[in-house]
Amino acid sequence: MAERITVVPGVMYSARGRYRNCLRLSCCYPWNEAYERALVRVGELASGMGDSALAGLGD
């Protein structure tokens, strides 16, 4: 939220509890530079997460 980016775990979009290692990207407005910057930032934040932060997500 500090970055004004909201991330929702993929499991919230599955009736069967699947997609625990995914997140949903929602682009309901025309693509623009702000979306592109936000997506790049999400990638930067995700790549900075250690293995311990990701443990159990693929279960």
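This tour goes through the structure stop by stop, with something to select at each.

**Before you start**

This is a predicted model, in which local features need pLDDT of at least 70, side-chain atom pairs count only at pLDDT 80 or more, and totals for chains, interfaces and linings use all residues. Residues are numbered from 1 along each chain as its sequence is written, and side-chain values use heavy atoms, with hydrogens and water left out.

**Stop 1: the whole chain**

Show everything as a cartoon. The protein has 2 helices and 0 strands. Helices (H or I, at least four residues) and strands (E, at least two) are DSSP runs, numbered from the N terminus. Of the 59 residues, 7% count as buried. Buried means under 20% relative accessible area, exposed over 50%, and partly exposed in between (1.4 Å probe, protein chains only).

**Stop 2: the segment before H1**

Select Val 7. It lies in the segment before H1 and is partly exposed at 45% relative accessibility.

Ser 14 counts as buried, at 15% relative accessibility. A polar atom of its side chain lies 3.2 Å from the backbone nitrogen of Arg 16.

Next, Tyr 19. Its phi is positive, about 65°, although it is not a glycine. Tyr 19 is partly exposed, at 42%.

**Stop 3: helix H1**

Select residues 33-47. These 15 residues of H1 should span 21 Å at 1.5 Å a residue, and the end C-alpha atoms are 21 Å apart, so the two agree. The expected span is 1.5 Å times one less than the number of residues.

**Stop 4**

The rule asks for a side-chain nitrogen of Lys or Arg within 4 Å of a carboxyl oxygen of Asp or Glu.

Select Arg 37 and Glu 33. Their side chains form a salt bridge, 3.9 Å from N to O. Arg 37 is exposed at 53%, and Glu 33 is exposed at 60%. The two sit 4 residues apart in H1, so about one helical turn separates them.

Now take Glu 44 and Arg 41. Their closest N and O atoms are 3.1 Å apart. Glu 44 is partly exposed at 43%, and Arg 41 is partly exposed at 28%. An α-helix has 3.6 residues a turn, so residues three or four places apart point the same way.

**Stop 5: rings and a surface patch**

Select Trp 31 and Tyr 35. They form a tilted aromatic pair, 5.9 Å centre to centre with 40° between the planes. Rings of Phe, Tyr and Trp (its six-membered ring) pair if their centres lie within 6.5 Å; planes under 30 degrees apart count as stacked, over 60 as edge-to-face and the rest as tilted. Trp 31 is partly exposed at 47%, and Tyr 35 is partly exposed at 23%.

Finish with Val 7, Leu 23, Leu 25, Trp 31 and Leu 39. Together they form a nonpolar surface patch of about 480 Å² accessible area. Patches take residues with over 30% relative accessible area and no salt bridge; like charges are joined within 9 Å, nonpolar side chains (Val, Leu, Ile, Met, Phe, Trp, Tyr) within 5 Å.

Terms used. Areas by Shrake-Rupley, 256 points an atom, 1.4 Å probe, with all protein chains shown as cover. Polar contact = N/O pair within 3.5 Å; in protein donor to acceptor, adjacent residues only side chain to side chain.
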